[in-house]
Amino acid sequence: MEVRNCNTPLYRMYKLQVRYVKILEKLLEDSGISLSESKKVKVKLISVTSSITPEKIIELVEDEFKSSVLTRNRRVVTTNARKASAFLLSNYAKAPLVDIAPLIGLTHHTSVMHNIRECEDLMETDYVYNGKMQTIIKDIKTYIKNIKH
């Protein structure tokens, strides 16, 4: 179900990202690059626009939570790692929601939105989770600072 006539800044940004992804896919198809190759290109484009790659963020999250985000289960540690990854990829890698979903084992951008909201809620209510998130954020900032120098 699609929400129409939604005029919030987040929705407008999302629609713009979807439009850019469609344009990018069309350009890649016209250039003779297959869609499986275009996913690799998208990840590279994301990492060019920010100074940390999505893979590095996921690696930091998996190290802190000691769980793989791509594992197909509903264990708390795995779902918490997915939530953290979604939040951090959105905020630090500036990745579009559509591109975040496959990176963390989800199938739809709305699942990513839900995971981001859940992460924000957990950071406010669970001090252990918040501590892990602060550790990861500190590691990301250190990594970015080291890259720039």
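**Salt bridges and helix packing in a predicted model**

Glu 59 and Lys 56 form a salt bridge, with their closest N and O atoms 3.5 Å apart; a salt bridge is a side-chain nitrogen of Lys or Arg within 4 Å of a carboxyl oxygen of Asp or Glu. The model is predicted: local features need pLDDT of at least 70, side-chain atom pairs count only at pLDDT 80 or more, and totals for chains, interfaces and linings use all residues. Residues are numbered from 1 along each chain as its sequence is written, and side-chain values use heavy atoms, with hydrogens and water left out.

Both Glu 59 and Lys 56 lie in helix 3, three residues apart, about one turn of the helix. Helices are DSSP runs (H or I, at least four residues) numbered from the N terminus. Glu 59 is partly exposed, with a relative accessible area of 38%; buried means under 20%, exposed over 50%, and partly exposed in between (1.4 Å probe, protein chains only).

The search of the whole structure finds two salt bridges. In the pair Lys 83 and Glu 118, the N to O distance is 3.9 Å. Lys 83 belongs to helix 4 and Glu 118 to helix 6, so this pair ties together parts that are 35 residues apart in sequence. Lys 83 is buried, at 13% relative accessible area, whereas Glu 118 is partly exposed, at 27%.

The buried residues of helix 4 pack against helix 3, helix 5, helix 6 and helix 7, where contact means heavy atoms within 4.5 Å. In helix 7, the buried residues include Tyr 129, Met 133 and Ile 136. Tyr 127, Lys 138, Lys 145 and Asn 146, on the other side of helix 7, are exposed.

Terms used
Helix = DSSP H or I, 4+ residues; strand = E, 2+ residues; numbered from the N terminus.
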